[in-house]
Amino acid sequence: MATPGPVQENLMLEPNKPRVLLAASGSVAAIKFESLCRIFSEWAEVRAVATKSALHFVDRSSLPSDVILYTDDDEWSSWKKIGDEVLHIQLRKWADIMVIAPLSANTLGKIAGGLCDNLLTCIVRAWDYKKPLFVAPAMNTFMWSNPFTGRHIEIINQLGISLVPPITKRLACGDYGNGAMAEPSQIHTTVRLACKAQTFGTGSPCVMPSSSNPV
Ligand SMILES: Cc1cc2nc3c(=O)[nH]c(=O)nc-3n(C[C@H](O)[C@H](O)[C@H](O)COP(=O)(O)O)c2cc1C
């Protein structure tokens with residue numbers, strides 16, 4: 001993971017690389033977040049966001065060295081007074097594409113309801129839907145088949161969020177069924193194919209802070 005330090009000038013020197021914001025919420029599938037970061041890093045400039053629950057599953061020290069991971073703590077430590085940059089707005093402007101993988105039932109419900117009580121959901125609430133946003137849900141089969149899930153998926157569809165559907169297999173909890181996160185390679189392929197025709201990295205240079213809470 002990227003080394004700590006004061007606010008770091010991160011001028012975009014690779015104009016054609018897409019800027020992908022990868023976000024993890026609190027599903028056990030977040031153990032695959034490191035793999036997701038590595039795969040996307042081969043194609044894109046990657047920044048990462050994790051919810052408080054996701055941090056139980058993400059091994060921060062295993063993330064690629066150039067990937068900065070932002071958490072709720074960074075949102076508040078980087079803001080002290082009026083005039084300071086607001087991290088969720090900076091990240092939402094920085095990103096060409098956002099991918100939430102895994103998407104927990106809780107974060108799905110919050111996005112569908114318009115709630116924004118952490119860094120991840122604030123970025124989504126402030127998202128510009130002219131830019132692609134993908135989600136890869138991951139949850140227990142009964143959570144996935146719960147009537148709320150269908151309603152929430154319908155709403156995020158209407159918002160223009162693209163779904164990378166879950167797959168059927170033996171889940172971490174021991175149950176067998178649908179609800180497991182699509183494999184990181186599948187998520188990467190889906191995003192790349194969907195964004196094939198787009199040009200990235202032509203916007204203004206961005207100044208991004210480093211994470212205040214590194215390994
Ligand atoms: C060991 C463990 C595994 C969990 N796995 C999942 C999961 O796969 N999918 C899910 O939606 N919630 C799962 N949860 C529940 C979420 O972590 C919980 O709803 C949490 O509030 C999600 O927070 P977040 O959406 O802010 O990340 C799990 C909880 C625990 C303790």
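Helices (H or I, at least four residues) and strands (E, at least two) are DSSP runs, numbered from the N terminus. This is a predicted model, in which local features need pLDDT of at least 70 and side-chain atom pairs count only at pLDDT 80 or more, while totals for chains, interfaces and linings use all residues. Residues are numbered from 1 along each chain as its sequence is written.

**Strand 4**
- Seven of the seven residues of strand 4 (residues 97-103) are buried, meaning that 20 or more other C-beta atoms, placed from the backbone, lie within 10 Å of their own.
- In a regular strand the side chains alternate between the two faces of the sheet.
- Ile97, Val99, Ala101 and Leu103 point one way from strand 4, and Met98, Ile100 and Pro102 the other way.
- Strands pair if DSSP finds at least two bridges between them; four join strand 4 to strand 1 (residues 19-24), in parallel, with valine 20 opposite isoleucine 97.
- Four bridges also join strand 4 to strand 5 (residues 133-137), again in parallel, and isoleucine 100 stands opposite valine 135.

**Helix 1 and helix 8**
- The axes (lines fitted to C-alpha atoms over the stretch in contact, with angles from 0 to 180 degrees between N-to-C directions) of helix 1 (residues 33-41) and helix 8 (residues 184-194) come within 9 Å and cross at roughly 35°.
- Ser35, Leu36, Ile39 and Phe40 in helix 1 meet Pro184, Ser185, Ile187 and His188 in helix 8, contact being C-beta atoms, placed from the backbone, within 7 Å.

**Ligand**
- Ser25, Gly26, Ser27, Thr51 and Ser104 come nearest among the 15 residues around the ligand, where a residue counts as near if its C-beta atom, placed from the backbone, lies within 6 Å.
- Helix 4 (residues 105-113) gives the largest share of this shell, three residues.

Notes
Buried ≥ 20, exposed ≤ 12 C-beta atoms within 10 Å, placed from the backbone. Contact = placed C-beta atoms within 7 Å.
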